[in-house]
Amino acid sequence: METTMTESREMSAAGIKMDETQGLTFPRIDCRNIDVFYGDKQAIFDISLPVPDRSVTALIGPSGCGKSTFLRCLNRMNDTIESCKVTGEIIMDGENINDPGMDPVLLRSRVGMVFQKPNPFPKSIYDNIAYGPRIHGLAASREDLDAMVEKSLRRAGLWDEVKDRLTSPANSLSGGQQQRLCIARAIAVRPEVILMDEPCSALDPVATARIEELIDELRKRYCIVIVTHSMQQAARVSQRTAFFHLGELVEMGETDQIFTNPRERRTEDYITGRFG
Amino acid sequence: MTDVAPDPFRNEKALRRLKKRRAADARFRLYGLSAIAFALLALSVLVASIGFQAISAATYHKLRFDIVLDPAVIAPKGNDTPAEISRNVDGFYTLIRSNLEATFPEADEDRMASRQLGELVTRLAVLPTAKWVAENPTQIGQTATIKVPLNDDLDLYLKGAVSKEFRLRLGDISAVAETAPRQVLLTGAGAFKALESLIAVQRQEVGDAVDARSTLVSSGTAMGRVTSLSTDTLEMTLLTGSASDFRTGRPMARMIALPESQRNVSDLQIAWTLALKDMGRISRVPHTSLLTHTDSTYPELAGALAAIVGSLLTMMVTAFIAIPIGIFASVYLEEFAPRNRLTEIIEVNINNLAAVPSIVFGLLGAAVFLGFFGLPRSAPLVGGLVLALLTLPTIIIASRAALKSVPPSIRAAALGVGASKMQSVFHHVLPVAGPGIFTGAILGMARALGETAPLLLIGMVAFVADVPTGPTDESTALPVLVYSWSTNAERAWEPMTAAVIVILLLFLVTMNGIVVLLRRRFERRW
């Protein structure tokens, strides 16, 4: 335990240094010494992880390793679980978003989230996208809102497929389209960060490929953190990868480096399929 | 292909196991089918028995009078106000009575017959006529056609519900003679043979109570009771009409199995009623007064209007209290309440409340609402409050189940785009759970609509002659009306009670229909 903690601190420092070499002076989100408890059970042990802007960070690891739990710390979704307690600092724009004084509702408009299973609201396609802007008062007029819906759908690569049936129910779309709709819905509230929790696990390979293309497109504007079970996906879409195991951050770094030349034995075992 | 490897699923033991398994499947299917068949049978027997009873109350007999509205009788003072005219039941009844006496002069002969003639129409039956004349005073002095309901026992007789009756046409009559005043002798060769053998058969089946004297013989508007009978002659006492009426056509004989002393309608009354019917003055009409009249001690005048309005008022009070409280309580418990001991205790208690016998709620209502708060007795307000308490647990449990069935991913999605907890509940969870919640609410209301016991305890069993106009008026409710009518002794109440049950069932079916419609219309799938 001792050694892991020191290691991860070193790596955290290393991460920042690497970002500097890429021209990013500081990480978009800097997580410092995060511990998460479910009641008495500790799920995440002292994780420090910087997340760079305008790039995709993939969190990989075997089931139950805490990667989803960690992801949900970043927009305080863990608040909805009563027994869950998060300690540590998560710095975003100089603010600690894990501070009790931080309004999670406001935070979630800045940190959007896409879930494992496509979960559109049981409303029309238009209303799905417009809901976020409406509750945050982002659109000044009806035309404004229309433009916002179009822009979000265009960015999610869904506009051409749905522009003629914006009023039909979102549930009539295919699974892959629904997931892109969820991404469009997240984009519509103009977030800075998008969290994706295994966004392709319920989709077929074709739909997965489309989502991956989309993620690659989106990283030009947003800071994206993605949890994935598929190492190929992590290798394809992410620039940086963090490997979690049993609630600890084992290793993180450039995706190429993690997959070709892992520093840790456990990372190598996992990537080569020896466990997990 | 000679040496096939031994197939583990083809050996004898495996086949036996398979057979057993299939038999178990078939058995289970049979049990299920027979359970459903039994339930359907029980239901259809119930519905059929109530339906058949109620159908006889769907129509009733009305007696037509063409009478002159004599001002000396109905407005004796000469300057009577409409209110006085409408209250002058005696005057209007006198008109009807004298009309009947003119039609059947023989009733004058003895007091007994005169009283029986008066029973053909209940005194209070003229009340609607009195009201109508009071509203249209120009009718006074004119000839008016009025229709009043026939006495309930005679109504039942005409519907064939009083006694078994055998009818047959007699043979040709060759001579009619009046042997003494009101004694008529009919002669005809072999004309009464069929009647004789019918009586003999009935004597064997029913017993000695049946003899020739249970037979009434009619021709046109005349009718007599048989006193002696042989194959070729028949002697009878004339009940109504004259001997000459028997000179034309073949008379009709009616044998009534139930002796006169055991029925509420006398032979004389039957004779008059059939004569009136023959005159075309009795018609069978839809029993609309069941829906437009209030309660009465006379079945032919009674209606369920006060109870229907009372039930509606009660349901309104119940709905206004139970539905909002129930929905808010369930939303809070399901979405906002912290999971701790206190919440658990509340939940357990709500579940237990749903199982409390309804009469206990009635006791509570009597003690708290009547005793402590001093609210009026027999009022829909109190009934509604008690039924609201009764339905609250049902509504809360159903609403919570509906809220629970909303997939958590919807809540997560709403929170994910930055909606607050309340926004996620009111914008997304409630619309999805809405049909389920309303189903629960309406089913709860349907249960409340059928409740009798708690209403008895807060005095809603009162005899209510006026339609309640507000929730604090004295009132009764449909199930309570069923209860009080079913305790009445007269036979005619039986089909009336069944008819009220049908009305109540129609209300329930309507409510359940609304539930089905709501589900169809608003249920969202994904």
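1. A residue is termed buried if 20 or more other C-beta atoms lie within 10 Å of its own, exposed if 12 or fewer, and partly exposed in between, with C-beta atoms placed from the backbone. By this criterion D93(A) is exposed, because 9 other C-beta atoms lie within 10 Å. This is a predicted model, in which local features need pLDDT of at least 70 and side-chain atom pairs count only at pLDDT 80 or more, while totals for chains, interfaces and linings use all residues. Residues are numbered from 1 along each chain as its sequence is written, and chains are lettered from A and ligands numbered from 1 in the order in which they are written.

2. Backbone of chain A. Most residues other than glycine have a negative phi. D93(A), not a glycine, has a positive phi near 50°; it lies in the loop between β4 (84-92) and β5 (95-96) of chain A. Helices (H or I, at least four residues) and strands (E, at least two) are DSSP runs numbered from the N terminus. D46(A), also not a glycine, has a positive phi of about 45° and belongs to strand β2 (residues 41-51) of chain A. D46(A) counts as partly exposed because it has 19 C-beta neighbours inside 10 Å.

3. Helix α4 of chain B. This helix (residues 89-103) has 15 residues and reaches 21 Å from its first C-alpha to its last, close to the 21 Å expected at 1.5 Å a residue; the expected span is 1.5 Å times one less than the number of residues. G91(B), F92(B), Y93(B), L95(B) and I96(B) of α4(B) are buried. The buried residues of α4(B) pack against β1 (59-68), α2 (71-74), α6 (127-135) and β2 (143-149) of chain B, contact being defined by C-beta atoms, placed from the backbone, within 7 Å.

4. Helix pair in chain B. The axes of α14 (residues 380-404) and α16 (residues 421-449) of chain B come within 8 Å and cross at roughly 150°. Axes are lines fitted to C-alpha atoms, for helices over the stretch in contact, and angles run from 0 to 180 degrees between N-to-C directions. α14(B) and α16(B) are therefore roughly antiparallel, the term for angles over 145 degrees.

5. Contact between the chains. In chain A, 21 residues are in contact with 17 residues of chain B. On the side of chain A that touches chain B, α4(A) gives the most, with four residues.

Methods
Parallel < 35°, antiparallel > 145°, perpendicular 65-115°, else oblique. Contact = placed C-beta atoms within 7 Å.
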